[in-house]
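Try each task before you read its solution.

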Amino acid sequence: MGIAAFSMLVGIVMAAVKIIVGLAANSTAVVSDGFESASDVLTSGIVLGGLYLASKPPDKEHPYGHGRFETLAGLAVGTILAVSGILICVRALYRLNDPAHIPAAFAMWPVIASLFIKGGIFGYKLRAGRRTGSAALVADAWHDAVDMLSGVTALAALGIALANPAYSAADHYGGFLVGIFVVFLGARVVRETTEHLLDTMPDPERIERIRSVAMGVDGALAIEKLYARKTGLRYHVDLHLEVDPELTVRESHEIARNVKRAVRGKLDWVADVLVHVEPHLTQEMRP
């Protein structure tokens, strides 16, 4: 949560500087980049709130925990990104007919500074998000990446406009491209977080790792079914385990408990495992 809070503070300063300098320099691209940074502040706040709520332990009303808050935060980030991108595009197109548009060169400095700052924050957030499995933090990291891309676009558009006044409209087109980048990223984040809400299965590699750990337990003869769904930062697993049909209920239960312990102990991204015990049937015994 600390990185999200730090990102908010940095974002507030950068957004304010870009917007103020962009307006003073009459640069649509830099102002658009400033509004994109402002939306970054809002999304970082949402991520911070989502991570806080997701960290709450399970209770009577929420036996699976509160991890969905983190996924909902990621969905909110994607939605805000898409809406922000559309508004940026509209503003840039509205200013295309501005005949007195001549941006000033000093508008470049806050954009250049933000590129270096955002580069460091992006790398840290992305690593932290992938390490913890946080969809919201990864979404926020990609928002920082778009902030960098929008900064490069704004810088290039401003450079073209300054190099030749005849192409001053390039500054407006640069602002429009910034909006397009933000819209596409927002759509991507919405799609990924929606998949989590729909209980989409994890990638085959993770399923195979669960299967491998479970089958490494003594007494586990086969796995009939294996499902997993993400709830916040970690996965909940449903596993149908086949054991020797001649075992007692107590012995079968002990094997199931060992499988649960092994999967949770060796795979830190698994929150819980529900093991269903089934009799293992040979080919001749199957109907």
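**Exercise 1.** Is Lys260 buried, partly exposed or exposed?

Solution. This is a predicted model. Start with the relative accessibility of Lys260, which is 29%. Buried means under 20%, and exposed means over 50%. Lys260 therefore counts as partly exposed.

**Exercise 2.** Find the salt bridge between Lys260 and Asp272, and say which elements the two residues lie in.

Solution. Look at the two side chains: N to O, the distance is 3.5 Å. A salt bridge needs a nitrogen within 4 Å of a carboxyl oxygen. The pair ties together parts that are twelve residues apart in sequence, because Lys260 lies in helix 8 and Asp272 in strand 3 (residues 270–279). Asp272 is partly exposed, with a relative accessible area of 28%.

**Exercise 3.** Which residues are linked in a network of salt bridges?

Solution. Stay at Asp272. Arg264 also forms a salt bridge with Asp272, with the closest N and O atoms 3.9 Å apart. The network links Lys260, Arg264 and Asp272. Arg264 has 41% relative accessibility, so Arg264 counts as partly exposed.

**Exercise 4.** Which residue forms a salt bridge with Glu254, and how many residues apart are the two?

Solution. The partner is Arg257, and the closest N and O atoms are 2.6 Å apart. Both residues lie in helix 8 (residues 249–266). They are three residues apart, about one turn of the helix. Now check the accessibility: Glu254 is at 30%, and Arg257 is at 37%. Glu254 counts as partly exposed, and so does Arg257. The salt-bridge count comes to three.

Note on methods: Residues numbered from 1 in each chain as written. Predicted model: local features only at pLDDT ≥ 70, side-chain atom pairs only at ≥ 80, totals over all residues. Heavy atoms only, no water. Helix = DSSP H or I, 4+ residues; strand = E, 2+ residues; numbered from the N terminus. Buried < 20%, exposed > 50% of the residue type's maximum accessible area, 1.4 Å probe, protein only.
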